[in-house]
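Thanks for making time this morning.

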Amino acid sequence: MYRFSNTVIGFLNLFTLLGSIPIIGGGLWMARSSTTCESFLQTPLLVVGFVVLIISLAGFIGACFRVAWALWVYLVVMLFLIATLMGLTIFGFVVTSQGRGVEVPGRVYKEYRLEDYSPWLRNKIKDPDYWRTIRSCILGSKTCAKLASWTPLDYLEKDMSPIQSGCCKPPTSCNYNMATVEPQDTDCYRWSNAPTLLCYECDSCKAGVLEDVRRDWHKLSVLNIVMLVFLIGIYSIGCCAFQNTRRAETDYPYGENRMTKVRPRWDYYW
């Protein structure tokens, strides 16, 4: 009769095995797409999907068919996955602890400064290849086109997303009506009215992207914590299933005493 822990591990890994199929399918579908944003997410999706598939398959085979080596591989990879997820969660909280936005007097929206974010994120976003990809994503999403019909009153009363605030308009402090030229934010000179240019090369645009990353990373970190608790629980049950499988491979069933009855000495009853 199968042990309870083996049955639980088998069902849990069957569900995760089926769940990895749409993840891999989504990654392969993105590989066929010409949209820059989707191909940018293709590799992480494929890696996560295949890792979940391999782990779930090993755990399912080991628990249901009592294959000790498969469960051993499952537990080793699961331990590595828990350690990696824990490291990524801590790293995410560290690199996204800075930045939040600056209040703009008389406006509902906030503006964002690149120097407020962590050095690691700033170096990442300044990479030309990386920024070219992100810039193409923003253009393809038509985020700034949504502001084309706004009136001056809308800019006073309506809120904006971080990317709209940083990429679709010049900084609020910019003054283009001054007769004398005074020092202004460098982003004021990068701004262009051309729909394909706008402020896409501004530091404020890069800061707006980092603010979106920071918010998403915080949400992902909370999900990672929930997943860590779930994985640690599965790992504990998997250890029990591994012990049950090892016992099943021996000549002594679970619960049977391995000690044979000892014959008493001839003078025991004396």
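Predicted model: local features only at pLDDT ≥ 70, side-chain atom pairs only at ≥ 80, totals over all residues.

Let me start with a question: which residue forms a disulfide with Cys 144? Residues are numbered from 1 along each chain as its sequence is written, and side-chain values use heavy atoms, with hydrogens and water left out.

The partner is Cys 168, with the two sulfur atoms 1.9 Å apart, where a disulfide is taken as a pair of cysteine sulfur atoms within 2.5 Å. This pair links distant parts of the chain, 24 residues apart, with Cys 144 in the loop between helix H6 (128-141) and helix H7 (152-157) and Cys 168 in the loop between H8 and helix H9 (186-190). Helices here are DSSP runs of H or I with at least four residues, strands are runs of E with at least two, and both are numbered from the N terminus. The link is left-handed, with -80° about the S-S bond, and both cysteines are buried, meaning under 20% relative accessible area, as against over 50% for exposed and partly exposed in between, using a 1.4 Å probe and protein chains only.

A search of the whole structure finds four disulfides, and one of the others joins Cys 167 to Cys 205, S to S 1.9 Å. Because Cys 167 lies in helix H8 and Cys 205 in helix H10 (residues 203-248), this pair ties together parts that are 38 residues apart in sequence. Its S-S torsion is about 90°, so this disulfide is right-handed. Cys 167 is buried at 0% relative accessibility, and Cys 205 is buried with a relative accessible area of 0%. Cys 199 and Cys 202 are also joined, S to S 1.8 Å, in a left-handed link with -90° about the S-S bond.

Now to the glutamine. Gln 164 sits in helix H8 (residues 162-167), and its relative accessible area of 11% is why Gln 164 counts as buried. Its side chain reaches the backbone oxygen of Thr 143 at 3.5 Å.

In the model, residues 69-95 are 100% helix, with end C-alpha atoms 39 Å apart, and residues 220-238 are 100% helix, with end C-alpha atoms 26 Å apart.

How values were computed. Polar contact = N/O pair within 3.5 Å; in protein donor to acceptor, adjacent residues only side chain to side chain.
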